Amino acid sequence: MAVGRLRLKPLSYDFPPWRPPSEAGSLLLRVTRGCTWNRCTFCSLYKNVTFQRRPLEEVKSDIDKAASLYRAEVRTVFIGDSNSPSMPVRDFEEILNCLYAVFPHVERVTSYARSKTLQKKPLDELLRLRTAGLTRLHVGLETGSRDLLEKIKKGATPEDMIEGCIKAKEAGFELSVYVLLGLGGEELSSAHARDTAGVLNRIDPHFIRVRTLQPQPGSQLYEDMQAGLFIKASPETVLKEQRALIETLTVSSQYLSDHITNFVPVEGRLPGDKQAMLDALDRFIADFPQDEALQARCARKNELARL
Ligand code: SF4
């Protein structure tokens with residue numbers, strides 16, 4: 001039996017509204033609502049949600065509801081919303097203990113985390129969370145460009161990103177880092193690729209996951225685009241940007257393109273698959289001007305809204 005939403009919905013189960021694509025088969029558990037930061041200009045995910053921690057008893061009640069349906073099936077769990085490690089470590093430990101007591105077969109428990117939160121959190125608290133069974137953190141780097149990080153109001157510098165992510169690795173977490181292709185638009189594409197590779201090379205995360213900017217209604221960046229203040233990168237620019245990014249990477253990460261917004265599926269284990277990935281991108285770039293199917297696919301992606 002697949003773990004899903006349909007059978008939990010009638011039990012008034014509270015779902016995190018967003019999860020990484022790689023958590024499609026996971027039990028979704030909501031321990032906080034919204035985002036502690038909620039200011040990134042490209043993001044509309046939690047704009048109408050006031051950040052709050054859910055009472056522990058509510059979370060435990062949801063764990064019991066899920067167990068009544070899926071006790072034997074659950075192998076992976078995603079904990080939402082956007083920055084669960086911001087909660088007091090003792091509370092998070094209690095939730096993890098309850099989760100493992102009820103679902104003894106769980107093999108992976110993951111959460112989104114802000115790099116700034118990881119940077120500020122003492123290493124011993126991260127070690128406690130890891131020991132309690134939180135196994136993987138999904139961190140939105142978006143870009144390694146200092147100017148661009150400021151521009152998008154990410155609330156973290158490249159140094160914050162590096163420090164927070166390296167600390168998470170030291171604590172023993174698997175680290176999944178997200179990059180937002182096209183974030184610099186036409187104007188800052190080269191700097192975005194170069195500086196993002198630079199930061200990733202310092203972090204060397206277990207996973208690099210790319211997605212492609214499709215400004216969403218409700219975000220500041222969407223308003224800027226509508227007003228002509230932000231010029232979206234063309235598909236060809238994004239393909240070249242991705243090529244420059246991969247070419248500059250010296251990491252030992254799994255590079256994944258597991259998001260619906262991406263124009264082309266280029267993936268592999270670095271550094272071994274690097275040349276094959278570059279060759280694939282070179283073919284897409286060379287074919288683009290005359291490949292009508294590829295152009296149509298990119299056009300469809302550019303129309304995606306409410307992701
Ligand atoms: S991108 Fe992440 S940190 Fe920024 S506002 Fe959205 S959820 Fe919050």
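**Close-up views of a predicted model**

Just after helix H6, glycine 172 has a positive phi of about 100 degrees. Before you look around, note that this model is predicted: local features need pLDDT of at least 70, side-chain atom pairs count only at pLDDT 80 or more, and totals for chains, interfaces and linings use all residues. Residue numbers start from 1 along each chain as its sequence is written.

View 1. Helices here are DSSP runs of H or I with at least four residues, strands are runs of E with at least two, and both are numbered from the N terminus. H6 covers residues 158-170, and its 13 residues should span 18 Å at 1.5 Å a residue; the end C-alpha atoms are 18 Å apart, so that agrees. (The expected span is 1.5 Å times one less than the number of residues.) Pro158, Met161, Ile162, Gly164, Cys165 and Ala168 are buried in H6. Buried means that 20 or more other C-beta atoms lie within 10 Å of a residue's own, exposed means 12 or fewer, partly exposed is in between, and the C-beta atoms are placed from the backbone. The buried residues of H6 pack against H3, H4, S6, H5, S7 and H7, where contact means C-beta atoms, placed from the backbone, within 7 Å.

**View 2. Strand S6 and its partners.** All seven of the seven residues in S6 (136-142) are buried. Arg136, His138, Gly140 and Glu142 point one way, while Leu137, Val139 and Leu141 point the other. S6 pairs with S5 (108-112) in the parallel sense over three bridges, and with S7 (174-181), also parallel, over six bridges. Pairing takes at least two DSSP bridges between two strands. Look for serine 111 opposite leucine 137, and for glutamate 142 with its bridge partner valine 179 in S7.

View 3. Phe92, Ile95, Leu96 and Leu99 are the buried residues of H2. They cover an arc of only 95 degrees around the axis, which puts them on the same side of H2; the arc is that of the directions from the helix axis to the C-beta atoms. On the face turned away sit the exposed Arg90, Asn97 and Ala101. Cover for the buried residues includes H1, S4, S5 and H4.

**View 4. Around the ligand.** Residues surrounding the ligand include Cys35, Trp37, Arg39, Ser82, Arg114 and Gly140, counted when the C-beta atom, placed from the backbone, lies within 6 Å. The shell divides into six nonpolar, three polar and two charged residues. Here Ala, Val, Leu, Ile, Met, Phe, Trp, Tyr, Cys and Pro count as nonpolar, Asp, Glu, Lys and Arg as charged, and the others, Gly among them, as polar.

Terms used
Two residues are in contact if their C-beta atoms, placed from the backbone, lie within 7 Å.
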